[in-house]
Amino acid sequence: MTVDSDASEQEAFSSSVVLDQTVAAPETLLASHDMPTQNQITQEINDLHADAERRLAAGERVPSTLYDFAPYRSSILRHPTKNPRLVDPETIELWSPAYGQRDVALIESDLTLQHTGEPQGERMTIEGRLLDSWGRPLRNQLVEIWQANAAGRYIHQRDQHPAPLDPNFTGAGRIVTNDDGYWKFTTIKPGPYPWKNHINAWRPAHIHFSVFGSAFTQRIITQVYFPGDPLFPLDPIYNTIRSQKDRDRLIASYDHDLTVPEFSMGYRWDIVVDGPDATWFEPEGGEA
Amino acid sequence: MSTHDSSAALDDRPAKTHEPTSGQTIGPFFAFGLNYPKMHEVAFPHSAGAIVLEGTVYDGAGHPIPDACIEIWGADTDGSIPRGRGSRRRDDHTFTGFGRSHTNDEGHFEFWTRNPGSVDGEAPFFAAVVFARGLPNKLHTRIYLPEDAERLAADPLLSSLDESERATLVATRGADGSLHFDIRLQGERETVFLTF
């Protein structure tokens, strides 16, 4: 494409062609179209949970996380409208990428050591095991996490929340599970995060987790929360999970035995990957 | 691996004892947590047998989705399951089968990879998973290669779909050997997604 030096032609070009094809910058998409009140969102959440209960009682297969969940406004145009096809996993789907202890350096699991100084906030550890549906530990699996800092600010360039960045905290870490399926991160407790889903919308403090299982069907991305957060009933993302039991499973337990005197607060959280019956068989040739 | 196919052995499996952890949206700010160098280079670019697999992710209004994450996992060209390590730290020669691509501002994703071969005589496909801001949980799908009409016709999933649904799962081949595959989360030509 050549740019003509004539100013008027350039103007015509940019308004008639370029602007029509330019996609809105992603940050402008982050605000909902209607900015409803919290009361309206809470009502919509409660109605959808009740509706899911009715469908379940009628024998419908309803996923644990609801895809069609309008109180999470940006999901309205991004959820499939057709039911997913139930298929038997085949060949490649029963395997997953091979990771090993050497793929990640030990220091990558300590988010407080990534800069020259100490990050601000409440130092904490979170640890647990990665298990399959039969309670068997999944070893050599990659676990990746990312989170906001203690003030509730993400380092992502499109985060517009006017809370301070912390020059000593990035908020991303990773680890590979050991032979017992065990993983542990040292980090800073994230702050609640304001967003533009509705008026006065705040996400409960959370850490994003990305996990591989022993079969690709078990791949999961989720979020872990902290006990007693008053924002739980108000948050449409947390409540995309329809049952209280399943929502509770995303809350880490405070464990005083894991708290280190004069150093850090300790939390425990186990992750269980779902899998079709065929994942009962462990693929051969697991990496040592 | 042959035990995967044994329905007799499946009947002997014990009941599940642990409730699964539920999935959540990837959210808006995943890039700084999930990015790593060469994450979309499943095969080293321009190496023998390397092809580009690319496409665009669309929402229900037909607009591209600029904050999605696509992952692929596929067999090597000879149909073998990759067991080589290094999906996260590329050594530029091991084919690990796994790649990740975050869509750009135009909703576009791209991989360098290889054509998967047929495993156990089945129609070759990439397993793919989709994450996005605004998508409450992951979505699984398959990206089938367009060649080998006989195997495609015999595929249990594809043969259970009508023609327009089937078309959403089969990539198109470019003259340069590349594969094109768009993903539509919603709408008239909504991609067929899978549950297992």
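This is a predicted model: local features need pLDDT of at least 70, side-chain atom pairs count only at pLDDT 80 or more; totals for chains, interfaces and linings use all residues.

Biologist: What does the secondary structure of chain A come to?

Modeller: Three helices and 12 strands. Helices (H or I, at least four residues) and strands (E, at least two) are DSSP runs, numbered from the N terminus.

Biologist: And how many residues of chain A touch chain B?

Modeller: 77 residues of chain A are in contact with 71 residues of chain B. Contact here means C-beta atoms, placed from the backbone, within 7 Å. Strands 1 (85-86), 3 (142-147), 8 (206-211), 9 (220-225) and 12 (271-272) of chain A each give two or more residues to that side.

Biologist: How does that side of chain A divide into nonpolar, polar and charged?

Modeller: 42 nonpolar, 19 polar and 16 charged. Nonpolar covers Ala, Val, Leu, Ile, Met, Phe, Trp, Tyr, Cys and Pro; charged is Asp, Glu, Lys and Arg; the others, Gly among them, are polar.

Biologist: Which strand of chain B pairs with strand 1 of chain A?

Modeller: Strand 10 (residues 194-195) of chain B, in the parallel sense over two bridges. Pairing needs at least two bridges found by DSSP between the strands. In that pair, Arg85(A) has Leu194(B) as its bridge partner.

Biologist: OK, sheets. What's the order in the open sheet of four strands?

Modeller: 4-3-8-9 in chain A, with antiparallel pairing. Strand 4 (172-176) and strand 9 of chain A are the edges, each pairing on one side only. On average, neighbouring strands are turned by 20° against each other, direction ignored. Those axes are lines fitted to C-alpha atoms, for helices over the stretch in contact, and angles run from 0 to 180 degrees between N-to-C directions.

Biologist: How many bridges join strand 3 to strand 8 of chain A?

Modeller: Five, and the two strands run antiparallel. Ile145(A), for instance, has Phe209(A) as its bridge partner.

Biologist: What about strand 11 of chain A, what does it pair with?

Modeller: Strand 2 (residues 123-131) of chain A runs parallel to strand 11 (residues 265-268), joined by four bridges, and Met124(A) stands opposite Met265(A) there. Strand 10 (residues 253-254) of chain A pairs with strand 11 in the antiparallel sense over two bridges, with Ser253(A) opposite Arg268(A).

Biologist: New topic: where is Thr91(A), and what's its phi?

Modeller: Thr91(A) is in the loop between strand 1 and strand 2 of chain A, and its phi is positive, about 35°, although it is not a glycine. Most residues other than glycine have a negative phi.

Biologist: Is Thr91(A) buried or exposed, and why?

Modeller: Thr91(A) counts as buried because 22 other C-beta atoms lie within 10 Å. The cut-offs are 20 or more for buried, 12 or fewer for exposed and partly exposed in between, counting other C-beta atoms within 10 Å, placed from the backbone.

Biologist: And Met35(A), what's the phi there?

Modeller: Near 45°, positive in a residue other than glycine. Met35(A) counts as partly exposed because it has 13 C-beta neighbours inside 10 Å.

Conventions. Residues are numbered from 1 along each chain as its sequence is written. Chains are lettered from A and ligands numbered from 1 in the order in which they are written. Two residues are in contact if their C-beta atoms, placed from the backbone, lie within 7 Å.
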